[in-house]
Amino acid sequence: MTRLTLSLPMAQKFRAGLKTQTRRVSPPKFSVGDVVAIAEPCAIAYDNDRNRLLCRYEADRYGGGGVRSHDDPAEIKRCMGMKTVISHTPRSARFMPGWAERSRIRITEIREERLGDITEADAVREGFTDRAAFLAYFGTLHKGPIDLTLPVWVVSFEVVT
């Protein structure tokens, strides 16, 4: 299944119900109407008996539950030597295993615009209080001065599960 990857701050906003839109510098690999999985940062570890893998979602780390288990022997064997599993180290959403996906969204709109064209309403749909807060966060991701003429793809979505 196709995935939409979220950073930890964006996964927290998504979990809180504040994020229904995202901007990407690369064109998305899905279309309007597609149902895609949300990939979010998580830590994978063994249970005490080493017969199940546990996924702890970083977005829920300080706010409650958020654990999913998996007991496929082949997956357990594959993960046995992984340093992130042995040390319980959080991993990027890019490396989240498929069995740990817990949310699906439906893509409702995709459009291309310049980064500087973001409206106050769109900034709120991104999970921010205003346009300035969004642009400041975007600048930290791309480590440099913000180019407001940068083309971005705006992806709007609704939660399915």
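How many bridges join strand 3 (residues 35–39) to strand 8 (residues 104–114), and do they run parallel or antiparallel? Three bridges join them, and the two strands run antiparallel.

The model is predicted: local features need pLDDT of at least 70, side-chain atom pairs count only at pLDDT 80 or more, and totals for chains, interfaces and linings use all residues. Residues are numbered from 1 along each chain as its sequence is written, and side-chain values use heavy atoms, with hydrogens and water left out.

View 1. Strands (E, at least two residues) and helices (H or I, at least four) are DSSP runs, numbered from the N terminus. Two strands pair if DSSP finds at least two bridges between them. Ala37 has Arg104 of strand 8 as its bridge partner.

**View 2. Phe14 and Phe157.** The whole structure holds four aromatic pairs. Rings of Phe, Tyr and Trp (its six-membered ring) pair if their centres lie within 6.5 Å; planes under 30 degrees apart are stacked, over 60 edge-to-face, the rest tilted. Phe14 and Phe157 form a tilted pair, 6.1 Å centre to centre with 50° between the planes. The pair links distant parts of the chain: Phe14 lies in helix 1 (residues 8–15) and Phe157 in strand 9 (residues 151–159), 143 residues apart. Phe14 counts as buried because its relative accessibility is 6%. Phe157 is buried too, with a relative accessible area of 3%. Buried means under 20% relative accessible area, exposed over 50%, partly exposed in between (1.4 Å probe, protein chains only).

**View 3. Phe134 and Phe138.** This aromatic pair is tilted: 5.8 Å centre to centre, 40° between the planes. About one helical turn separates Phe134 and Phe138, because they are four residues apart in helix 5 (residues 131–142). Both Phe134 and Phe138 are buried. Phe128, Phe134, Tyr137 and Phe138 form one aromatic cluster.

**View 4. Arginines over tyrosine rings.** A charge sits over a ring if NZ of Lys or CZ of Arg is within 6 Å of the ring centre and within 35 degrees of the ring normal. The charged end of Arg50 sits over Tyr46, 4.3 Å from the ring centre. Arg102 lies over the face of Tyr57, at 3.8 Å from the ring centre.
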